[in-house]
Amino acid sequence: YHFWLKKIEKNSKTINSKKIRLGLVGRFSPVKNHLFAFEIIKNLNNKFELHVFGEKILDINEERDEYRQKVLSFRNNNKITFHGFIENENKIYENIDILIVTSKSESFSMVTIEALSKGIPVVSTLTEGSSFLIWEGFNGFICNDLKSFCKAINNIVNNYEFFSKNALISAKRFDKKTYLSEIEKIYMNKKILFVCSNTPFE
C-alpha cells in the first residue's frame, strides 16, 4: 500500500476513567455494521459513550435507505452521539479514546492508521485490513463477538498508557521518512544480491 501519514503524535494519550469515549468512523453502509457497535455500547457500563462520525445526517423521515433509518433510529440513545460528517480528522480523533471497527469486510482501514497515529488503540473485527494493522494485545485487539469486544475494550481501559504508547509505535511504519527508508533498504539489498550473484568465482 502506498500510504503514509502526515503526522504522528509524539506523546501517548491519557484517559478519563469516568467517561470513556469509543469512536466509530465510516459511511452509513451495512458493511460497516453500525448495529453491532450499538450492541457493544449497550453491553458496556454507563461510563462508556459511543461517538459516531460519518455521513451528513438527514431527518429520519427524509431517509429512504432502510439501513440508514435503522442506524439513525438510535439517535435518542443517551450513550450514543452522532456527529455527522467532519472534514477535519483532528476534530474526530480528539473526541475518541478507543476506536472500534465493526466492519464485515475492510481491505485497508485508513481510519485505523489515523487513530493509531494519534495514540488511539483499536478494537476491530477480523478483516484483511485489521490483520495487517492490529498487533494483538499490543496496539489493540481483533474480536468477532460481543463478549470478546467488551472484554478487549475493558482490557485497554485498564492498561491505557501501554496501548496508547504502542499505537504510536506501530504507526511509525507509515511515517513517510520511515517508509522511504525501508524501501531504500530493500532496493539496496536487492542490488547487492544482484551484484553478488553476477560476480564470477575464481
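Is F162 buried, exposed or partly exposed? I looked this up before anything else. F162 comes out as partly exposed, at 40% relative accessibility. I keep in mind that this is a predicted model.

**Entry: F162 and its partner**

F163 is buried, with a relative accessibility of 3%. I then looked at the two rings together. Their centres are 5.2 Å apart and their planes stand at 90 degrees, so I log F162 and F163 as edge-to-face. The cut-off for that class is over 60 degrees.

**Entry: aromatic pairs overall**

I searched the whole structure for aromatic pairs. The search gave eight. I picked out F38 and F82 among them. The ring centres of F38 and F82 lie 6.1 Å apart, with 70 degrees between the planes, so this pair is edge-to-face. I asked which elements the pair joins. F38 sits in helix 1 (residues 34-42) and F82 in strand 3 (residues 80-84), so the contact ties together parts 44 residues apart in sequence.

**Entry: burial of F38 and F82**

I looked up accessibility for both rings. F38 has a relative accessible area of 3% and is buried. F82 is at 15% and also counts as buried, because the limit for that class is under 20%.

**Entry: a charge over a ring**

Last, I looked at R173. R173 lies over the face of F132. I noted 4.9 Å from the ring centre of F132.

Conventions: Residues numbered from 1 in each chain as written. Predicted model: local features only at pLDDT ≥ 70, side-chain atom pairs only at ≥ 80, totals over all residues. Heavy atoms only, no water. Phe/Tyr/Trp six-rings, centres within 6.5 Å; stacked < 30°, edge-to-face > 60°. Helix = DSSP H or I, 4+ residues; strand = E, 2+ residues; numbered from the N terminus. Buried < 20%, exposed > 50% of the residue type's maximum accessible area, 1.4 Å probe, protein only. Lys NZ or Arg CZ within 6 Å of the ring centre and 35° of its normal.
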